Amino acid sequence: MIDDATEDGPSDVQGPDMLSITAEVPGQGGLRRRVVCPLSMPGSGRRLVGQAVGFRHRRLDSDDVDDIVVVRWPDEVAEALEPFRPQGPGALRARAWRFLAGCGGVTAVGGILLTVVLLIGIVSTGGELFADLPPGFRPGVALAVSAGAVVLGLCAFAFCETRMSRALSSPDPRRAPR
């Protein structure tokens, strides 16, 4: 049973709550354990107080209060932890758009990383970092392409996320009555 939820003190960055759990063990009384709340919003652990959980010990030390793995959360937490799987009309299209949005995100992040490496190589070493590469490699062209990948990746991500939400909110246009 979740007995208490403790929030971090006021600071610039407030983390998730710490949950106190008590399990009644026949012949041993109550075992008190604690675990970090899986819901990321500060204060969200207060809604879980009084609900039952299932847990296992990771180690054999009965005095360690942090040695548990929660295997069964209340329904509210289980639903929040489930992966995004849209249902109903437009679900297949939404999944496809979400996949494409992820590809756009990966392209943008890869472009950012490559741009940083190229800028460091060009600015700090004067291009000597690329001396061992094939003679056709042009650091300036690679820098322009990587910066373009950042912009295009972000645009693709935004466009696909918009299409995904539109696919979930509107029925399939091919099945609409005419």
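Me: Hi! Before we start, what kind of model is this?
Reply: Hello! This is a predicted model.

Me: Thanks. How many helices and strands does the protein have?
Reply: There are three helices and five strands.

Me: And what pattern do they follow along the sequence?
Reply: Reading along the sequence gives β-β-β-β-β-α-α-α.

Me: What share of the residues is buried?
Reply: Of the 178 residues in the protein, 26% are buried.

Me: What about the accessible surface, how much is there and what part belongs to carbon and sulfur atoms?
Reply: The accessible surface is about 12,100 Å², and carbon and sulfur atoms account for 61% of that.

Me: Switching to contacts: of those between residues at least 6 apart in sequence, what percentage join residues at least 24 apart?
Reply: That would be 53%.

Me: OK, the core. How many residues are in the largest nonpolar one, and which have the most contacts inside it?
Reply: The largest nonpolar core has 13 residues, and Leu19, Ile21, Val35, Leu48, Val70 and Trp73 have the most contacts inside it.

Me: Which strands each supply at least two residues of this core?
Reply: Those are strand S1 (2-6), strand S2 (18-25) and strand S5 (68-72).

Me: Let's zoom in on Val35. Leaving aside neighbours within four places in sequence, what is Val35 in contact with?
Reply: Val35 touches Asp17, Met18, Leu19, Ile21, Ile68, Val70 and Trp73. Among them, Leu19, Ile21, Val70 and Trp73 are also listed with Val35 for having the most contacts inside the core.

Me: New topic, aromatics! How many aromatic pairs does a search of the whole structure find?
Reply: Two aromatic pairs turn up. One of them is Trp97 with Phe159: the ring centres are 5.7 Å apart and the planes are at 85°, so this pair is edge-to-face.

Me: Where do Trp97 and Phe159 lie?
Reply: Trp97 is in helix H2 (residues 91-125) and Phe159 is in helix H3 (residues 139-169), so the pair ties together parts that are 62 residues apart in sequence.

Me: How accessible are Trp97 and Phe159?
Reply: Trp97 has 22% relative accessibility and counts as partly exposed. Phe159 is partly exposed too, at 48%.

Me: And why is the pair of Phe130 and Phe137 called tilted?
Reply: Their ring centres are 5.6 Å apart with the planes at 50°. Edge-to-face needs over 60 degrees and stacked needs under 30, so this pair falls into the rest, tilted.

Me: Last one: is Phe130 buried or exposed, and what about Phe137?
Reply: Phe130 is buried, at 12% relative accessible area, while Phe137 is partly exposed at 30%.

Key
Residues numbered from 1 in each chain as written. Predicted model: local features only at pLDDT ≥ 70, side-chain atom pairs only at ≥ 80, totals over all residues. Heavy atoms only, no water. Helix = DSSP H or I, 4+ residues; strand = E, 2+ residues; numbered from the N terminus. Buried < 20%, exposed > 50% of the residue type's maximum accessible area, 1.4 Å probe, protein only. Contact = heavy atoms within 4.5 Å. Areas by Shrake-Rupley, 256 points an atom, 1.4 Å probe, with all protein chains shown as cover. Phe/Tyr/Trp six-rings, centres within 6.5 Å; stacked < 30°, edge-to-face > 60°. Core = buried A, V, L, I, M, F, W, Y, C linked by side-chain atoms within 4.5 Å.
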